[in-house]
There are 2 protein chains.
Amino acid sequence: MARISDLTQTQCPVARAESVVGDSWTVLVLRELFFGNHRFDEIQALTGATPQMVATRLKKLETNGVVERRTYSLRPVRYEYHLTKKGADLFQVMMALRAWGEKWLRVEGEDRSIEYVHADCGHLAGLGPLCDHCGELLKREDLSPQWSPGSTAERAAQRAAFRESRSRA
Amino acid sequence: MARISDLTQTQCPVARAESVVGDSWTVLVLRELFFGNHRFDEIQALTGATPQMVATRLKKLETNGVVERRTYSLRPVRYEYHLTKKGADLFQVMMALRAWGEKWLRVEGEDRSIEYVHADCGHLAGLGPLCDHCGELLKREDLSPQWSPGSTAERAAQRAAFRESRSRA
């Protein structure tokens, strides 16, 4: 039986993709990188993962060429984590997960977590892959997020809880 | 910290989607259902998972309304597993994983595992979300698979190995 971690054991591209991003914490780490949160502490705070969990995911993503580490401070040495072109190309996967989650798992009465404004036409893009308003294929660089009040509050609370846990440590 | 299995703990639709399909074996089970393989043994043979692994994934997918169980035999009682509308709506997620896997994880010299013919225009669809030839958004019902010789052989070998393991048991 094929171990799906071994790319040579199957020609299925879905199984191969899952061998790289088939883990929920990995997807949440990627989510933060797509949001532009490049530092370890931010990723930890906003995913709710332990440092160990974040570290193993970032390391594997780096090994797989999805993430690259960049030095932003020399004393002490500190790194930022950025999506490579291969990583940025997971955009359609992330958007498809978002669309499905918003359509099928949203709690009654909630707003969508994020609405995106489509720069091409200036209107709300909807859930994709095509713009609700102009019908063009949505591209990452053309989308500006508008966070819902609920999601804004949730993420502020996560940051605050993280800072507090740090100050107690 | 939010446990991502608890939908009330986060408003993020990606985290919510991952709480349902954020597991590689779950995705491989879904892949087989999308291919039209509805019986437990087929799913087991073609994913390479153990019966226990298949059973837990199908059960969770059923609990989450992604899969429904249908009786196809009364003596003995036997079930088939089918995607619900909610499950079928994971199409864009599966296609996005496929596209990324084909683009970034294919081994040099290999064919694409599957090429889809787009019924709307009669040409090869490519990796989506838009048809390579006519530019329309790809829908599941408009795509006919053409399996590569390599993938055809791989799946035949998996079925044969499964039958052999059964006859030895």
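Analyst: Strand E5 of chain A, residues 143–147, lies largely in the open, because the number of buried residues among its five is zero. To count as buried, a residue needs 20 or more other C-beta atoms within 10 Å of its own. The model is a predicted one.

Start with the pairing. Strands of a sheet pair through backbone hydrogen bonds, either parallel or antiparallel.

Now the sheet. In chain A it is open and has three strands, ordered E4-E3-E5, with antiparallel pairing. E5 and strand E4 (123–124) of chain A stand at the edges with a single partner strand each, so one side of each has no neighbour in the sheet.

Chain B has an open sheet of three strands too, in the order E4-E3-E5 and antiparallel. Its edge strands are E4 (123–124) and E5 (143–147) of chain B, and each pairs on one side only. Strand E3 of chain B, residues 114–118, is joined to E5(B) by five bridges, and the two run antiparallel. Here Val117(B) has Ser144(B) of E5(B) as its bridge partner.

Chain A has another strand pair. Strand E1 (residues 67–74) and strand E2 (residues 77–83) of chain A are antiparallel and are joined by seven bridges. Val67(A) is bridged to Leu83(A) of E2(A). A hairpin of two residues leads from E1(A) to E2(A).

Next, the chain as a whole. Chain A holds seven helices and five strands. Their order from the N terminus is α-α-α-α-β-β-α-α-β-β-β-α. The C-alpha trace of chain A spans about 50 × 45 × 30 Å along its principal axes. Of its 169 residues, 38% count as buried. Among contacts in chain A with a separation of 6 or more, 39% come from residues 24 or more positions apart.

Nine residues of domain 1 of chain A are in contact with six residues of domain 2 of chain A. On the domain 1 side, H2 and helix H3 (40–47) of chain A each supply at least two residues. That side of domain 1 of chain A divides into five nonpolar, two polar and two charged residues.

44 residues of chain B are in contact with 44 residues of chain A. On the chain B side, helix H1 (13–21), H2, H6 and helix H7 (149–168) each supply at least two residues. H6(B) gives the most to this side of chain B, with twelve residues. By class, the side of chain B that touches chain A has 23 nonpolar, ten polar and eleven charged residues.

Last, the symmetry. Chain B superposes on chain A by a rotation of 180° with 0.0 Å of shift along the axis, at an RMSD of 0.0 Å. The two copies are therefore related as by a two-fold rotation axis. The same surface serves both copies, as 100% of the contact residues of chain B recur in chain A.

Key. Residues numbered from 1 in each chain as written. Chains lettered and ligands numbered in written order. Predicted model: local features only at pLDDT ≥ 70, side-chain atom pairs only at ≥ 80, totals over all residues. Least-squares fit on C-alpha atoms with pLDDT ≥ 70 in both. Contact = placed C-beta atoms within 7 Å. Helix = DSSP H or I, 4+ residues; strand = E, 2+ residues; numbered from the N terminus. Nonpolar A, V, L, I, M, F, W, Y, C, P; charged D, E, K, R; others polar. Buried ≥ 20, exposed ≤ 12 C-beta atoms within 10 Å, placed from the backbone. Pairing = 2+ DSSP bridges.
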